[in-house]
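Here's a quick tour of a predicted model. Have a look at the structure first, then read on.

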Amino acid sequence: MAQRAGAIGGPVASGAVFVLILAALVAVTSKADWPVRFDASDWAVLRFTVWQAVLSAVLSVAFAIPVARALARRRFAGRGALVTLLGAPFILPVIVAVLGILTVFGRAGWISQTLGNFGLPPISIYGLQGVVLAHVFFNMPLATRLILQGWQAIPAEQYRLVGQLGLPARTVFQTLEWPMLRQVVPGALALIFVICLTSFAVALTLGGGPRATTIELAIYQAFRFDFDLGRAAILSLLQLVVAGTAAALALWILPPLVLQSGLDRPLVRWDARGLTHRLLDAGWIGAAALFLLLPLGAVAVSGAIGLGQMPSSVWAATWTSTWVAVLSTVLLVVMALPVAAWLGQSAKGSAEAITLLGLAASPLMIGTGWFILIYPVANPQSFALPVTAMVNAMMALPFAVRILVPGMRQSFADYGRLSRALGVKGFAMWRIVLLPRIRPRLGFAAGLGAAMSVGDLGVVTLFADPEVATLPLQMYRLMGSYRTEAASGAALLLLALALGLFWVCDNWGRHAER
Amino acid sequence: MKYLMTTAAVLCASAAWAETPVLKVYTYDSFVSDWGPGPAVEAAFEETCGCDLQFVGAGDGAALLARLKLEGARSEADVVLGLDTNLIAAAKETGLFATHSVTADYTLPVTWADDTFVPFDWGYFAFVHNTDMTPPANFRALADSDLQIAIQDPRSSTPGLGLLMWVKAAYGDEAPAIWADLSDNVLTVTKGWSESYGLFLEGEADMVLSYTTSPAYHLIAEEDASKAAAPFDEGHYMQIEVAGKLASTQVPDLADQFLAFMVTDGFQSIIPTTNWMYPAVTPAGGLPEGFETLITPEKSLLLSPEESASVRDAALDEWLNALAR
């Protein structure tokens, strides 16, 4: 079966990610002085890094499951908007999100002020609890979207059958929802674990000090404080190994898919119609909405004040960021589709771990490595935007693949044999069988990729050309020159641009649901 | 279309290049931004030099040095502007810099006699607070208070490293004890200055590590007199920002011309209200109105480049040990 979809493109794209990272790592290593310092304090850093990432991943997913379940079985005014906003926290620049979170949960935040009115002491956010809270704020919405898609993939016919049989919610959970969760949850856990593993500024700021040193901060220190490239390379490698091992483990325990096909009919939930269920679902949705919207609201309010003070260069940066996002989204789709098709047909999901490495690699290491590689041949500055687009696409790849693979698996399970029997292959396979089925997922993946690209500062700082700045870079520059209000305005613009691009793609995809 | 435009731009650029020499100056990011000194300095220098002055922004001071080390002797940079005294020793060690012959009537609180680097501005580190509170008079009083401060991580931030040197210069071997006492006053440590300052403006922190000149920004640019810097009686550590010429430059005369221009009024008068630091040579017109309201520390602290390089790693370990508990 040489004609299988993604049989060539999949390994090629995964291999490209691997080579991209490896080349950077080798380049950094080639400039290193040996031997490299690595001592007991590094193990403490590793322990903290892994521990906060585990906690963040588990709590994000645990919170996301009931929220996704509630969103899957309820229709209400504003549901579409809420589902779109679920993409928002994830793409906010770190500092903007942190300030938003602190406006609500901080020492002088809304909650502490309210408590103060009743004579109660303020809540203390700085510490492990703050790190985890922020990571849940960033990643719970993402987990919700991933799990929501799992719920929506359960064929409507099965719920109709359940309704006709009058099965109680517990039985429905055991027979329909639990097997789906076992498919979706390990991947979501692995993804969020890897994201939190590379956290740096969030962990440091909300962790309250050097107790909260992560591997990424140690890499940063090695590059700019010690200029010890060997140490930077070793630490980057350690980060890759931890992420790769965790991802491979999580994906390896994925159970094989249960064959369940439907006729793609609209969903009506005959179970879960009682008042208790409604109230419970409303409670979960309300809690999630408050948790997300309060900090986002704080960002929007302070941004609205600053909008009028933005210099014109912010608009130029907006344009730059837009086309970098479009370029990286195209790259992302070109890479993600064959990889997802390839993984969707393989028996075990462990190969997906390779794409996760793109996320686990330190952006500073990738940037420095490629700087070293490009510098002898050309001026790295002239490659600033292509490199940014490429790295953005690579970092979004694991998200896109995670979103697409379950859909691909399902499509191949349902229609693979029929397609083979009918001799549908190559481009026709994509056009007739795969793309229509995965369109909602593709829209979501592309939207997330575009939004991430807009929000990412990434490698661009090392290659930065003063004439062409991206929007996040421009925002940081404003902030670094006391222009806090104008920076808030730029942050709001950034949020709007990211959400706008996300909405366009996601809506294109979700249009197919109906 | 895009391609055509790019080609045209490249052709024009190379045509212009054939006539006018180019001077490449690597500097930190906020120097080149629209509201930093970069654009005005470029316009002022290009009026007289008959050259094309190009600024290249690269992170902050430490990132600048790391970039230079990556590029080595093949660097396109002619001048590097924006290192500070804590980085000078490491910068000299690279052997990439050439000596200069610039002399000026510096208005620095210390005498300047470095043969490689020319200072262009300076400031004192200080804790900035809102004027509705009475600030502590020194580090010990701060440690005894309930005040919460936001500081920057010395591993990732230049002012953060400055604070480390400040405590070291003021207290020497007692520094670890001071840090241990301060640890419950440190609300949090951030990656860079922007994050800390943002926390302070949000009202999260009572005081933030910044500069004595920070209140001038609020006063002059925002007409807001509600911020002040706390004078500490053990003295304030200084940051002197410098520029140097690369030995590998193809336009050494132009680079010298730039360094000489840097200490004249044309450059120095731009600094106070764009970089919000003190000029290295006070211009003929004096400092802008508002700067007279700033505190002037009774004692200036500064470790020499060699001292600062030799105590750096030990001071970092002391800081980590005190705050990681």
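## The nonpolar core

Let's start inside: the largest nonpolar core holds 272 residues. The members that touch the most others in this core are A:Val194, A:Ala336, A:Leu404, A:Ala490, B:Val79 and B:Val208. Helix H17 of chain A (residues 384–422) hands over the largest share of the core, 19 residues.

Take A:Val194 and skip its neighbours within four places in sequence: A:Val194 is then in contact with A:Ala243, A:Ala247, A:Leu356, A:Leu359 and A:Ala360. As a rule, nonpolar side chains in soluble globular proteins tend to be buried together.

## Where A meets B

How many residues of each chain are in contact? It's 40 residues of chain A with 41 residues of chain B. On the chain A side, at least two residues each come from helices H5 (94–105), H10 (201–207), H11 (215–224), H16 (363–374) and H20 (471–480). H11(A) gives the largest share, with five residues.

Sort that side of chain A by class and you get 23 nonpolar, 12 polar and five charged residues.

## Chain B overall

Chain B has 13 helices and 12 strands. Its C-alpha trace spans about 65 × 45 × 40 Å along the principal axes. A compact globule of 325 residues would have a radius of gyration near 20 Å, so the 21 Å of chain B agrees with that.

Of the 325 residues in chain B, 50% are buried. Among chain B contacts with a separation of 6 or more, 78% are between residues 24 or more positions apart.

Technical notes: Residues numbered from 1 in each chain as written. Chains lettered and ligands numbered in written order. Predicted model: local features only at pLDDT ≥ 70, side-chain atom pairs only at ≥ 80, totals over all residues. Helix = DSSP H or I, 4+ residues; strand = E, 2+ residues; numbered from the N terminus. Rg over C-alpha atoms; globule rule 2.2 N^0.38 Å. Buried ≥ 20, exposed ≤ 12 C-beta atoms within 10 Å, placed from the backbone. Contact = placed C-beta atoms within 7 Å. Nonpolar A, V, L, I, M, F, W, Y, C, P; charged D, E, K, R; others polar. Core = buried A, V, L, I, M, F, W, Y, C linked by C-beta atoms within 7 Å.
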